[in-house]
Amino acid sequence: MSAQPFEIRVGSDEANGTPALRSGTLPDRIRHRFPIFKERIYINSCSQGALSDAVREAYEQYLADWDDKGAPWEYWVARQEAARAVFAGLVNADADEVAVTTSLSAGVSALASGLRFARRSKVVLTDWEFPTIGQIWHAQESRGARVVHVVAAADGTIPLEHFEQVIDDDTLLVSITHVCYRNGAMIDVPKVVALAHERGALVVLDAFQAIGSLPVDVRELDVDFLGAGVLKYLLGSAGLGFFYCRRDLVERVWPTQTGWFADENIFAMDHTDYSPARTAARFQSGTPPVPSIYAGIAGMQLMEEIGIAETREHVLALNSHFIDGLDELGAKLATPRAPAQRGALVCVRSKDSKALVEVLDREGIVTSERDGNLRVSAHCYNTPEDVDVVLAALARHKALLA
């Protein structure tokens, strides 16, 4: 399939509810800041965002600061506070409701260690969770937790009715992913949260596959806890995560997985006492990931500059075009078709997804695979022409499609 020009159109395609593709907008403004596009078609942001000039410069600044200042821990703690503030702004939280962590696992594990499973014992998960989430909550079974999974329907969605069947008055916590890493499907978070709260349960949201690709507002979603990281659509690097805890819940959770940066006063250096911070910092642990903090701030600020809401509209249009092309090829989609039911990644069923990823890589196209599906995940920097290159490659390797 050859690249086709797109006329400038504003608004939505009323036929399918997706935004119209617009030429001369987002990628034209920012693509030059991501050097990989000089050599390859990078359409794998669900694994890791493309490296920008801003993030590269941030790492160089970290090295310069280390070289110039030696061990400026007060300055680096200030960098941590800057990262906390930037992330809080992205999700409409207050800074004292955000912990700076090294990963999603670290934040959720700290939460799990601080919960008690006496009055209520059930933890509800979906079958879409990333392994770390399932492993953390199943690890709590030795402490009295009872873990139940909500299964997907035949159409690849998880309807609210499936949650209604398992969330009850013994449910302490509902742990859900915003976007499934295996198929790109998206949960209707507000409806699940409303149901959980109605039945007295708390909700933790894994926003790793959503944050940066679509607006995430903890107030609008009404979640109690949220975990995320920066290495995907927030354009940072591995090693930096964040954990949000609603302010009125902070002192109700007493983490036993902890570290000195979770203390009320980290510079007190008191080894004879455990006095966790009275803010969400109590979910932190040991020495913060300073290099990743530099990169994370740069990536988050770049995504703020680019515009997350505009990115969502842009990617929905690209994915609509991609899905149309897949239909022409007779490919089988593993992702829900309705725009409101999917995130940024689109998954295609394959006979040998690993072989398909490898052959695409040899042709200069970076993708990934999970669960037997090819994952194609566009972001702000991708163009309709990128999508057409992928479709043309899939046409050449149609034998590997399911």
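The following legends describe an overall view and several close-ups of a predicted model. Residues are numbered from 1 along each chain as its sequence is written, and side-chain values use heavy atoms, with hydrogens and water left out. Because the model is predicted, local features need pLDDT of at least 70 and side-chain atom pairs count only at pLDDT 80 or more, while totals for chains, interfaces and linings use all residues.

**View 1. Overall fold of the protein.** The protein has twelve helices and 14 strands; these are DSSP runs numbered from the N terminus, with helices (H or I) of at least four residues and strands (E) of at least two. Its radius of gyration is 22 Å, close to the 21 Å from the globule rule for 402 residues, so the protein is as compact as a globular protein of that length. The radius is taken over C-alpha atoms, and the rule is 2.2 Å times the number of residues to the power 0.38. Along the principal axes, the C-alpha atoms fill a box of roughly 70 × 60 × 40 Å. Of the 402 residues, 58% count as buried (buried is under 20% relative accessible area, exposed over 50%, partly exposed in between, with a 1.4 Å probe and protein chains only). Among contacts (heavy atoms within 4.5 Å) between residues at least 6 apart in sequence, 72% join residues at least 24 apart.

**View 2. Aromatic pair Tyr62 and Trp76.** Rings of Phe, Tyr and Trp (its six-membered ring) pair if their centres lie within 6.5 Å; planes under 30 degrees apart count as stacked, over 60 as edge-to-face and the rest as tilted. By this rule the protein has twelve aromatic pairs. One of them, Tyr62 with Trp76, is tilted, at 5.8 Å centre to centre and 40° between the planes. Tyr62 belongs to helix H2 (residues 53-69) and Trp76 to helix H3 (residues 73-91), so the pair ties together parts that are 14 residues apart in sequence. Both Tyr62 and Trp76 are buried. One aromatic cluster is formed by Tyr62, Trp66, Trp73, Trp76 and Tyr294.

View 3. Most residues other than glycine have a negative phi. Asn92, which is not a glycine, has a positive phi of about 65°. The residue sits in the loop between H3 and strand E4 (98-101) and is partly exposed, at 37% relative accessibility. Asp371 also has a positive phi, near 60°. Its loop runs between strand E13 (368-370) and strand E14 (373-377), and Asp371 counts as exposed at 56% relative accessibility.

**View 4. Surroundings of His197.** His197 is placed in helix H7 (residues 189-198). With 26% relative accessibility, His197 counts as partly exposed. Setting aside neighbours within four places in sequence, His197 is in contact with Val203, Asp222 and Asp224.

**View 5. Glu220 in helix H8.** Helix H8 (residues 218-221) holds Glu220. Glu220 is exposed, with a relative accessible area of 66%. A distance of 42 Å separates the C-alpha atoms of Glu220 and Val359, which are 139 residues apart along the chain.
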